[in-house]
Amino acid sequence: MKKLTTLFAATALATLMAGSAWSKTFVYCSEGSPEGFDPGLYTAGTTFDAAAHTVYNRLLEFKKGTTETEPGLAESWTISDDGLEYTFKLRPGVKFQTTEFFTPTREFNADDVVFSYERQLKADNPWNKYVTGASWEYAAGMGFPEVIKSVEKVDDLTVKFTLTRKEAPFLANIAMPFASILSKEYADKLQAEGKMNQMNQMPLGTGPFAFVAYQQDAVIRYKANPDYWGGKQKIDDLVFAITADASVRYQKLQAGECHLMPFPNSADVQAMKADPNLKVMEQAGLNVAYLAYNTTQAPFDKPEVRKALNKAINKQAIVDAVFQGAAQPATNPIPPTMWSYNDTLQDDTYDLDAAKKMLEEAGVKDLSMKVWAMPVSRPYMLNARRAAELMQADFAKIGVKVEIVSYEWAEYLDKSKAKDRDGAVILGWTGDNGDPDNFLDTLLGCNAVGGNNRAQWCNPEFDALVKKAKDTSDLAERTKLYEEAQVVFKREAPWATLDHSLSVVPMRKNVEGFVQSPLGDFAFDGVDIVE
């Protein structure tokens, strides 16, 4: 991403935090750089935190600390009897942010909603391919181009969505970051000036904080939006200090150079809890970590080979080494706290002799493979390199040679989507909306192959079950279908499910108003610093 001139360097963070008698600056020690600032284009939490939860809003939002939806830019909505039409009444008087790079001349209206969705849905929209190499990965993976027949402006404050089929999780889906609402007026200006890529570099929305500047891989600066429809924030300036190393984030937190950090090393948590200057929030994470085989490449195209490798992975050792107990080995592709979790399924037992025998019976000898290890900490995998090393040692015991590879985070995410990718990739997921569809279809559906479906796995039986579950609003029926889909998943083993982790958030003692999200978001509206 092009570097933008910033008003300060990373070394000035201490000065920024000191602020002045009349200004409050909150510093968040972020774990990584955003892929960009257009949340529709990406899937990483670093991008969502840096854009969707600061600059933008959506028609619906998730109520703080829950997976329950509530009004956002839409005040209310109605659904037709056949479940195919959703009509939203928009919130009046909402202003877009005024920044140094753009001054809006009108308030938010239906044109902005239509624009924000059609750019993702229509291949012939001039904004559909405005960023080279990027794609509308979420919209495609969730089948939105097929599900949404049209998005129509009824009047300035009314928008109607017409669907091609019933979609039970639709309201939860449009509260997700990729469905953020952008300014059509700003887009029109950039298009007329031939500067469309600026939308992904200098974001502008209706959210609580306005973008100021970004110094790549170092710092992002925002200011409170004085015209925010939810009220001006108590903090005046928000700073993301990008700090990839968890130990360094902890040092900065201890020194008072940042107010809050994500994803601490498990070994540091007890010391954090004992520090009188800090407080620690924790809750069960709505997440899963996995090792995704490329099921289109031999020998990983055989379920028996994948299951053999799964039996060679000592998941408990990974949980102990990486999380020091603050996680549990995963059996299913959805977490046990989520409705429709199939607790009748048995995990592949750790059995090296059986694994070796299964490979021999499958005709696999002298297998060499790559295991991709993420370069950043995520809630579901705090140290992918360490996990990969443990799997490397396990696989060596059954005669499989492993090369561990990694890339810079944005490149890792991009390269791992390739249909011809070699080896198996460590990744994971924190639920975006509390619905099983957000795991099962988004990560494993046929629509998501080449995108979020890093296993490149398209199984007609599994896909039919998940798609049928979208078609009914009956919770008991949906539960039954998702339970059956998990049986297919476990039989075919496109992943080795690794763990479900505890989410831990340490912060300075004087931070108030931060609400831990079950969806893994880091949002700072409503946050204050009390001296």
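The structure holds 37 aromatic pairs, where rings of Phe, Tyr and Trp (its six-membered ring) pair if their centres lie within 6.5 Å. This is a predicted model, in which local features need pLDDT of at least 70 and side-chain atom pairs count only at pLDDT 80 or more, while totals for chains, interfaces and linings use all residues. Residues are numbered from 1 along each chain as its sequence is written, and side-chain values use heavy atoms, with hydrogens and water left out.

**Aromatic pairs**

- The rings of phenylalanine 37 and tyrosine 214 have centres 5.4 Å apart and planes at 75 degrees, so this pair is edge-to-face (planes over 60 degrees apart; under 30 is stacked and the rest are tilted).
- This pair links distant parts of the chain, 177 residues apart: phenylalanine 37 is in the loop between β1 (25-28) and α2 (45-52), and tyrosine 214 is in strand β8 (residues 209-215).
- Helices (H or I, at least four residues) and strands (E, at least two) are DSSP runs, numbered from the N terminus.
- Phenylalanine 37 counts as buried because its relative accessibility is 0%, and tyrosine 214 is buried at 2% (buried means under 20% relative accessible area, exposed over 50%, partly exposed in between, with a 1.4 Å probe and protein chains only).
- Phenylalanine 263 and phenylalanine 522 also form an edge-to-face pair, with 5.8 Å from centre to centre and 85 degrees between the planes.
- Both phenylalanine 263 and phenylalanine 522 are buried.

**Nonpolar cores**

- The largest nonpolar core has 154 residues, of which Leu59, Phe88, Tyr117, Phe161, Met381 and Phe524 touch the most other members.
- A nonpolar core is a set of buried Ala, Val, Leu, Ile, Met, Phe, Trp, Tyr and Cys residues joined through side-chain atoms within 4.5 Å.

**An open sheet**

- Four strands form an open sheet in the order β1-β10-β9-β8, with mixed pairing (two strands pair if DSSP finds at least two bridges between them).
- Strands β1 and β8 stand at the edges with a single partner strand each, so one side of each has no neighbour in the sheet.
- Strand β8 pairs with strand β9 (residues 219-224) in the antiparallel sense over six bridges.
- Tyrosine 214, the partner of phenylalanine 37 in the aromatic pair, stands opposite isoleucine 220 in β9.
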